[in-house]
Amino acid sequence: MKRIIVENISKSYKNAQALKNISFEVNDSELFGLIGPDGAGKTSLFRILTTLLLATDGSAEVFGYDVVKDYKKIRNIVGYMPGKFSLYQDLSVEENLNFFATVFGTTIEENYDLVKDIYSHIEPFKHRLAGKLSGGMKQKLALSCALIHRPKVLFLDEPTTGVDAVSRKEFWEMLRGLKQKGITILVSTPYMDEASLCDRVALIQSGKILSIDTPENITNQYSHKLFAIKSNNLYKLSKDLKEFKSTRSVYLFGQYLHYTSNDNNLNTQEIEQFLFQKGHHEIEIKTIKASIEDCFMDLM
Amino acid sequence: MNSNTAIITVKNLVKKFGDFTANDNLNFEVAQGEIFGFLGANGAGKTTAIKILCGLSFPTSGEIKIANFDVYNEREKIKKNIGYMSQKFSLYEDLTIVENIRFYAGIYGMSRKNIKTKTLELITRLGLEDVKNKQIKEIPLGWKQKLAFSVAIFHNPKIVFLDEPTGGVDPVTRRQFWDLIYQAAEQGITVFVTTHYMDEAEYCDRVSIMVDGRIEALDTPQNLKEIYGVENMNDVFIKLARKATRVES
């Protein structure tokens, strides 16, 4: 069952084309990720699917409803957490949640089971003004508010941006839990490592989709021999490898550099010899499987 | 560390807001030319500390020297000797590239002649000749961030503070940005950087990790990984930040 269908959507603003002929589908209870940097067009797409913005071209359906003709129906069945914190700063935590419940003709009590896992983290502070919450708590309140009317489809626009590694991990665990409850989720993120937590992802850059598949299949399709290399001096290593014969790409990856060559027969001994001559020590070279970030940069 | 080369010295830094202790007795030194990663969970107290180090806010107590200037009574001197850039605030959107450079250089009191030659040099180095008269809002985020960094070190400060400089930029640009950071450090500029990308923590010479207002760990990435018996900085961070009990900042 397709819960979201996007067909040839394009969006142009005065000076820029934000989306260029985008198409994809999201299945029932799927956790689907839009992975891409700022300016990729993620927010435009979210606003089109939540009926807040008209596409320049193409069509889209959410839960079988057309985003233009049936916009009122869509608004009742989707939850939307925009990238910018958009709750009422001068209402308390509880007042915000109550407000969103009332707008959708329901109550906190009626749907408490759905938000409990998330809301319980902030419930001890329910009388605090939303404007006075920390980043991680605002994020949990925003998700609770987007869920309180038991939506069928959840749209989360960069919910983890600017959030620390621990809170990000917790947040993704919450999303897995919501998926188990049968909610279809479209989530965007600029953090490439979060792709592996989705069922399927679309890699998106400058308004175009680079690839759509399961994270596993995307990384399996990476077609180059990939080396992870480190030595005592990462910056010098990077400079030296860029000078090496038939170098295709050199990218920093934490404590390693990821390296590809145009020469398919290049082996670790040759690289090691070269680096040794360049004066490196503590050299470590291994061939590795590509990550989503390797794939993204390769497709860019 | 040799105290002669320390460019940032923080001794017993405490900052309180009412009965809330945002910074609870911080102690560290940063050497000249070092790339120092200042990490911590949301609400751990990083921003409060950075404001003090930049001369924008007074500590409650402690002895803090930035480029040998005192944070209590030499704040203007501190500001002249540092650069600052963040993801949220960098350049003026409705000024052109050249206007932004001139504006910042002017604030830092550089001479007109010096500004002119250095601007030309910068525009060439970043390959921005064709867009130099475009407004900032018209150029892609990646270029904007690289330019913002170059502007922050345009007056050749002793230290540059970078507050989540790479948030949201594409993975290739993020790496080009780190090339710029390495170049600056090679020129002797000290880099004080915060980030939520844990792979970037690996690029720092040393890293401190704040939890609940205190520095819980401070060492080279290599040593931290060994101490905590984990493979990468992400796991170090998660091990430490999990201990946080503070929920509010």
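In what follows, a strand is a DSSP run of type E with at least two residues, numbered from the N terminus, and two strands are taken to pair if DSSP finds at least two bridges between them. The structure described here is a predicted model. Within chain A, the hairpin of β4(A) and β5(A) has two residues between the strands, and A:Phe63 takes a positive phi near 55° there. Opposite A:Glu61 stands A:Asp66 in β5(A).

Strand β1 (residues 2-12) of chain A is paired with strand β4 (residues 57-62) of chain A in the antiparallel sense, over five bridges. A:Ser10 has A:Asp57 as its bridge partner in β4(A), while A:Glu7 stands opposite A:Ser59 in β4(A).

Chain B contains an open sheet of six strands, arranged in the order β6-β7-β8-β3-β9-β10, with mixed pairing. Its edge strands are β6 (82-86) and β10 (214-219) of chain B, each pairing on one side only. On average, neighbouring strands of this sheet are turned by 15° against each other, direction ignored. Within the sheet, strand β7 (residues 159-163) of chain B and strand β8 (residues 190-194) of chain B run parallel and are joined by five bridges. The bridge partner of B:Phe161 in β8(B) is B:Phe192. Helix α8(B) touches β9 (206-211) and β10 of chain B, and its direction makes about 110° with that of β10(B). Helix α9(B) touches β3 (35-40), β9 and β10 of chain B, with a direction that makes about 25° with that of β9(B).

The two chains also meet in an interface. In this interface, 37 residues of chain B are in contact with 34 residues of chain A. The size of an interface is often given as the accessible area lost when the parts come together. Between chain B and chain A the buried area is about 2700 Å², of which 58% comes from carbon and sulfur atoms. Ten residue pairs are counted in polar contact between chain B and chain A, both residues being at pLDDT 80 or more. Four salt bridges are found across the interface of chain B and chain A. A salt bridge joins the side chains of A:Lys239 and B:Glu186, at 3.8 Å from N to O.

On the side of chain B that touches chain A, at least two residues each are supplied by α6 (171-186), α7 (198-201), α8 (221-228) and α9 (233-241) of chain B. The most is given by α6(B), with nine residues. By residue type, the side of chain B that touches chain A divides into 14 nonpolar, eleven polar and twelve charged residues.

Notes
Residues numbered from 1 in each chain as written. Chains lettered and ligands numbered in written order. Predicted model: local features only at pLDDT ≥ 70, side-chain atom pairs only at ≥ 80, totals over all residues. Heavy atoms only, no water. Helix = DSSP H or I, 4+ residues; strand = E, 2+ residues; numbered from the N terminus. Contact = heavy atoms within 4.5 Å. Buried area = accessible area lost by both parts, 1.4 Å probe. Polar contact = N/O pair within 3.5 Å; in protein donor to acceptor, adjacent residues only side chain to side chain. Nonpolar A, V, L, I, M, F, W, Y, C, P; charged D, E, K, R; others polar. Axes fitted to C-alpha atoms, helices over the stretch in contact; angles between N-to-C directions.
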